[in-house]
Each structure stands twice: as C-alpha cells, then as structure tokens.
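Take a walk through one model, residue by residue.

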Amino acid sequence: MSYDYSYSYNEGDLSSLPASYWILMLAISVFAIVCMWKVFEKAGKPGWKAIVPFLNLYTLFEITWGNGWYFLLMFLAIIPIVGSIAVFVIIIMTYVKLAKAFGKSGGFAVGLIFLGLIFMGVLAFDSSTYLGVPKKENSDVAPQPMPTQSTTPTQATSYCSNCGTALPEGTAFCPNCGTQKTN
C-alpha cells in the first residue's frame, strides 16, 4: 500500500486577491505619502523626502528628535525580543514628540500611536504650525520673570543661544537646531 502524504496549500498566491483590494491599498498608500509630505512641509522640510525610503525616517526623526541619525535606532529590531521592544518604545516616543512639535496634546499623541494614518491626516491638513523640536522640560529651573516697562528695550531680533541663528519674532524654538528660545 502506498499513501500520498502531500498537502498543497497556496498561501503566498496574491493574484487571487480581488482588484478592489489592490485599489484600496494603493489609495491608502498614496494618502499616507501625501500626509507625510504635508507634515514635512509644515516643519520646513522638503516634502519630496516623504517618498524616499530611509530618508523619510531620517527627516521624521530630524523633526521630532532634532537629530535625524537617531532613525538608525530602528535597526535594534534585529535583536530578538529586546530589540523589538526598544523599537516599539522609540516609535511611541517619536509620535509623542511629533504631537508636541506641532503643539498638540497627549491625547493627540495617543491617537497617532493607535490610529496613525487618521491622525497623521489631521496633522497634515489642520491649521497647526511647527513649533520646533520639543525639548525635555526641566522643572528644577525657576521660571524667568517677565520684563517690566522700565527695562531697556530689547533687540528686534533675537539669536539662538546654541547655534546663533536669527530667530523670527514669536518663535519658541530655533528653526535650525531646535533649541528652545531663552529670554
């Protein structure tokens, strides 16, 4: 007696998916690219960087962390378990920093984490402006007193204490390096 133990299961055949699936996936991908493009432009970066692999991550990390090379931390995922957890934490921190960079609340950051495409679309098309790279707030520093009318007039233009770039009036963060403006 001879038995045939072969079993055919064709899991990898994507050609059996309907055309509507592919159209939906294409539409979602285009929407995600447009949203990232608009967010980059709001942050003063070239929008075309949204379509270049790895450069889009570099630019996103530059907007949120102030240093684009931090995107290399994503390669920690090659370390089993611990690396995946680290990348998960880095992604969450990046979304929180992205929300803060545009003046959004912690609730908006939660939306970015769990419903990223929807909230990225909101961020791209709402009236929010880029405030700069969010810095860690230090509660040990005493708040600076507001100047009184009797003080000497201040300069019309202020400069970044870190890189020396001229800061436009009303700017909270340096557009060049992301350092918070000090009074």
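What follows covers a glycine, a pocket and a lysine.

The model is predicted: local features need pLDDT of at least 70, side-chain atom pairs count only at pLDDT 80 or more, and totals for chains, interfaces and linings use all residues. Residues are numbered from 1 along each chain as its sequence is written, and side-chain values use heavy atoms, with hydrogens and water left out.

Start at glycine 132. This residue sits in the loop between α5 (116-125) and β1 (158-159). Helices (H or I, at least four residues) and strands (E, at least two) are DSSP runs, numbered from the N terminus. Glycine 132 is buried, at 4% relative accessible area; buried means under 20%, with a 1.4 Å probe and protein chains only. Beyond its neighbours within four places in sequence, glycine 132 contacts Ala101 and Phe173 (heavy atoms within 4.5 Å). Its C-alpha atom is 7.7 Å from that of alanine 43, 89 residues apart along the chain.

Now the pocket. Gly132 is among the residues nearest the centre of the second largest pocket, together with Tyr130, Cys174, Pro175 and Asn176. In all, 20 residues line that pocket.

Move on to lysine 49. The loop between α1 (19-42) and α2 (55-65) holds lysine 49. Not counting residues up to four places away in sequence, lysine 49 touches Phe40, Leu55, Asn56 and Thr59. Lysine 49 is buried but has no salt bridge (a side-chain nitrogen of Lys or Arg within 4 Å of a carboxyl oxygen of Asp or Glu). The nearest side chain of opposite charge, glutamate 62, is 4.9 Å away.

Definitions and conventions:
Buried means under 20% relative accessible area, exposed over 50%, partly exposed in between (1.4 Å probe, protein chains only). Lys and Arg count as positive and Asp and Glu as negative; His and the chain ends are not counted. On a 1 Å grid over the protein atoms alone, a cavity is a set of points where a 1.4 Å probe fits but cannot get out, and a pocket is an open set with protein on both sides within 12 Å along at least five of seven lines; lining residues have an atom within 4 Å of a point.
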